[in-house]
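Please open the model in your viewer and keep the selection panel handy.

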Amino acid sequence: MRISDTLVGAGFAGAGALVFAATLTYPPMEGGQPGPALFPRIVGGLMAALGVALAVRGFREGAAGPRVAWDRVLRSTGFVNALFVIAAVAAYIALADRLGFLVTGAAILFVLMWRLEVGALRAAVVAALFTAFVHLLFFKVLRVPLPTGILWW
C-alpha cells in the first residue's frame with residue numbers, strides 16, 4: 001500500500017489553508033496582544049507550507065499516484081485506531097457539557113489506552129492523573145473555562 005506524497009501533501013496544504021482561512025474572522029485583541037487566532041494561524045500556516053513542500057517533493061520524485069488496496073486499509077489496525085480517535089473527539093464534543101471535562105476526559109483517555117492494549121489498571125491510573133494534570137494546568141493556572149458537568153467545583 002502506498003499513497004502518493006503529492007496527494008498527501010496537497011491534502012495537508014488544503015487543510016492548513018482552511019484552518020488559516022477560518023481564523024480570519026476571529027476578533028483581534030487590544031493593544032497588539034496576541035489574540036485567539038494566533039496559534040491556529042501558526043498551525044494552519046505550518047500545515048499549508050509543509051504540505052506544499054511534501055507535494056513538491058512527491059511530484060519531483062515522480063510518484064506514480066495513489067495505489068491503495070482499500071480492503072486492507074479498512075481492516076488495518078492503524079485505520080481502526082484513527083477511527084477511534086475521531087470517535088473520541090466526537091464523544092468529547094457530545095458528552096463534555098453533560099459529564100464535565102474530568103469525567104469525559106478520563107473516560108476517553110481510558111478507552112483510547114485500552115484500544116492500544118494498555119493494561120486496565122495502568123490505563124485507569126494514567127487517565128485519571130493526566131486528566132487531573134490537564135485540568136489543573138488549564139482550569140486553575142491558565143484560567144480556561146472547562147465544562148464542570150456533574151462535578152460542580
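**Stop 1: Glu117**

Select Glu117, which counts as exposed at 75% relative accessibility; on this scale exposed is over 50%, buried is under 20% and partly exposed is in between, with a 1.4 Å probe and protein chains only. Glu117 sits in the loop between H5 and H6. Its phi is positive, about 65°, although Glu117 is not a glycine.

Before moving on, a word on the model: it is predicted, so local features need pLDDT of at least 70 and side-chain atom pairs count only at pLDDT 80 or more, while totals for chains, interfaces and linings use all residues. Residues are numbered from 1 along each chain as its sequence is written, and side-chain values use heavy atoms, leaving out hydrogens and water.

**Stop 2: the whole chain**

Now zoom out and colour by secondary structure. The protein has 6 helices and 0 strands; helices (H or I, at least four residues) and strands (E, at least two) are DSSP runs, numbered from the N terminus. Of the 153 residues, 18% count as buried. Take contacts (heavy atoms within 4.5 Å) between residues at least 6 apart in sequence: 68% of them join residues at least 24 apart.

**Stop 3: helix H1**

Select residues 5-22, which form H1. Its 18 residues should span 26 Å at 1.5 Å a residue, and the end C-alpha atoms are 25 Å apart, which agrees; the expected span is 1.5 Å times one less than the number of residues. Show the side of H1 with its buried residues, Gly9, Ala13 and Gly16. They lie on the same side of H1 because they cover an arc of only 65° around the axis, the arc being that of the directions from the helix axis to the C-beta atoms. These buried residues pack against helix H2 (38-60).

Next, click on Ala10, also in H1. Is Ala10 buried or partly exposed? It is partly exposed, with a relative accessible area of 44%. Leaving aside neighbours within four places in sequence, Ala10 is in contact with Gly51 and Ala55. Draw a distance from Ala10 to Ala48: they are 38 residues apart in sequence and 8.4 Å apart in space, C-alpha to C-alpha.

**Stop 4: H5 against H6**

Show residues 101-115 (H5) together with residues 120-141 (H6). The two helices pack at an angle of about 140°, with their axes 8 Å apart; axes are lines fitted to C-alpha atoms, for helices over the stretch in contact, and angles run from 0 to 180 degrees between N-to-C directions. Which residues of H5 meet H6? Phe101, Leu102, Gly105, Ala106, Leu109, Phe110 and Met113 do, and their partners in H6 include Ala123, Phe130 and His135.

Stay on H6 and pick its buried residues: Ala123, Ala127, Thr131, Val134 and His135. The buried residues of H6 pack against H5. From first C-alpha to last, H6 reaches 30 Å, close to the 32 Å expected for its 22 residues at 1.5 Å a residue.

Back in H5, select Thr104. Thr104 is buried, with a relative accessible area of 2%. Apart from residues up to four places away in sequence, Thr104 touches Ala91, Tyr92, Leu95, Ala96 and Leu99.

**Last stop: Arg143**

Finish at Arg143, in the segment after H6. Phi of Arg143 is near 60°, a positive value in a residue other than glycine. Arg143 is exposed, with a relative accessible area of 68%.
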